[in-house]
Amino acid sequence: MVRQAHHERPGKKLLNDLKEIALADSVIELENITRVYQMGDIQVQALSGVSTLIKRGEMVAIMGPSGSGKSTLMNILGCLDTPTSGSYLFEGKEIGKFNDDQLAEVRNRKIGFIFQSFNLLRRTTAAANVELPLVYGNGRGRRERALKALERVGLAHRANHKPSELSGGEQQRVAIARALVNNPSLILADEPTGNLDSRSSNEIMDIFCQLNKKDGITLVLVTHERDVALFTQRIIFVKDGKVVNEEILKTGSEIR
Amino acid sequence: MKLTDATPLALRSLTANKMRSLLTILGIVIGIASVISMVALGRGAQRAIVTQIQGMGLNLVMVFPGATNTGGVQGSVGSQASLTVKDAEALVNSADAPSVAAVAPETRQFAQIVAGGVNTNSSVLGVTPEYQDVRLLDLAEGDFVTQQDVTARSMVVVLGSRVAETLFPDGNPVGQIVRIRERPFTVVGVLKSKGGQITGSVDDSVYIPLSTSQYRLQAQRRGSALSVGTIYVSAANSSSIQQTVEEVANVLRQEHRIVSDDDFTIRTQEEMMQTVSQVLAIFTLFLGAVASISLLVGGIGIMNIMLVSVTERTREIGLRKAVGAKKRDILIQFLIEAATLSAAGGAVGVFFAWLLTRAMTRIPMGNANINPQLSPDIIALGLITATAIGLFFGVYPAARAARMNPIDALRSE
Ligand SMILES: Nc1ncnc2c1ncn2[C@@H]1O[C@H](COP(=O)(O)OP(=O)(O)OP(=O)(O)O)[C@@H](O)[C@H]1O
Ligand SMILES: [Mg+2]
């Protein structure tokens, strides 16, 4: 496992280099994204002009204080929400123009979600939980694909267990299997280790690194822990709904 | 989401809350069970009545005293007896009524009949010999009232089968004496059982000569025309029965010197059947309406429990949407769940209706043999109704689930 942390300030030149590489094959391209929540008479500006690029095969952490807009940003990245203004190109397509059904289809085919609280269905087995996205797609051999995904997170032997029979770490691994079962190009994880101890956290991050390296899946995760963020290649710092800083942890050449 | 995914899912979520599901479908169970048994009972009753009316003979024309009323047949008005023995004679003898084959006047009174230590209350009918043919009565033993009996005002009686059974449980009533209004009558015959009829049960009546009834049981005023209750006319041909009706009406109008409104009512078997069908249809509709209230309550119960279920499973809905469920998928999932719940109630309801109709065939209803008819089309109707109710009352909760915002749903506790 490579874990070289370069604690250098992101120089303007390096950033431009990165932008150029990213433009060539970017999964996510955000341009001045804002998100305003209307709460009765009050307007809450959760995001106020976020612009960033995330390249295919990148692994990025988003950090920032509570209430800074990280989850709001993740929801927009994950096509669960649409920005109030600005442009979001996902794999080159303008998401703002998509209707609900099209967004659902993008979520189903291209994006895997991982939540802090796992969000597994209580009454169904691990395998059935992993199958869930396939129910809304049109694929055959659902059970096989689910078992394969469980194998990738090392839980093949737990396929028939219900979530209540699994540890927190194992539950999160089931959730990861569910996120990968449709072979997405992007996995989004909002504080995936927030409910886990450091050992389980490391296990989860190892799996993420593997998915990123071996399968080339683009990964964006939100975390409050620097240790977790150090597994990634780049940290985006968010504050008051704006990107305030970026930190490159691995040089361009290291990004595959 | 396909039906093959949604149905097992619905079943699983319903069996997860067995008690709740069971209580929820109770309204549908009761509703469907009562609607179905009502319809089955209505059909059975209709069939029974049609059979009975047909048993009265296809060429039977009935003449009742009193004017035609939109409500149906009306009894005689006040003390004015509009039908008399003279009318009956006129119908037999008139050249204006060639299609009349036979005429049988009838008087009817209710009296206690005593034989030894046993007594019973029954209709005492004053009749002529023609009555047997016109009303299609068969004798089990003995003879019917003869012309001689009528002429002599004999104290003889023919018993309906049930009356005979009640008064003479040991059999052999012929030749025995029964007392009607304290007067002794000799039993000369017993009728075969015929079942209930809308003109009163044949089996529960006894028959005496018309003259005996008029002069010995009823105190008729001397000199006045002898009144009768009903005149039965047998048409020569059942296909030209309408002609018979007109002839009878014309003869009676002449007899009664009527210029404007008739003071009698003529009914044919077909009309009777129509009237009965109409009354029965209204009756069935009314019972059906009462039963549908229970279905309405059942439907609201399903809507209620589905709303609870949607609220409880907000996170699940959010998750499903996050992994790619469209509005339509969520809508279908909850609609199917509501329909399954309701259809299950319908199935249980049909089962109870089946038990109920089986029990009802065993309960004797007067003289009539009403067999509730639980046919496949009624069962299908019940199941389809139940499913439709589930779908209808499931729309609102399902739409609510489908409309949920995935982010808010995922965040809910
Ligand atoms: N549905 C909503 N309605 C109104 N305001 C909201 C809503 N969601 C988020 N906000 C507001 O937007 C801002 C950003 O919220 P967000 O959840 O994105 O923060 P966060 O960075 O994820 O915080 P945390 O680290 O605590 O998870 C906050 O001020 C929050 O109150
Ligand atoms: Mg958050």
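**The interface of chain B and chain A**

Contact, taken as heavy atoms within 4.5 Å, links 22 residues of chain B with 22 residues of chain A. On the chain B side, Leu319(B), Val323(B) and Ile407(B) lose the most area to chain A, together 27% of what that side buries. The model is predicted: local features need pLDDT of at least 70 and side-chain atom pairs pLDDT 80 or more, while totals for chains, interfaces and linings use all residues. Residues are numbered from 1 along each chain as its sequence is written, and side-chain values use heavy atoms, with hydrogens and water left out.

The area buried between the two chains is about 2100 Å², counted as the accessible area (1.4 Å probe) that two parts lose on being put together, summed over both. Carbon and sulfur atoms give 56% of that area.

Turning to charged pairs, three salt bridges cross the interface, each a side-chain nitrogen of Lys or Arg within 4 Å of a carboxyl oxygen of Asp or Glu. Glu105(A) forms a salt bridge with Lys326(B), with 2.9 Å between the closest N and O atoms. H10(B) provides the largest share, six residues.

As for chain A itself, 53% of its 256 residues count as buried, meaning under 20% relative accessible area with a 1.4 Å probe, protein chains only.

How values were computed. Chains lettered and ligands numbered in written order. Buried < 20%, exposed > 50% of the residue type's maximum accessible area, 1.4 Å probe, protein only. Helix = DSSP H or I, 4+ residues; strand = E, 2+ residues; numbered from the N terminus.
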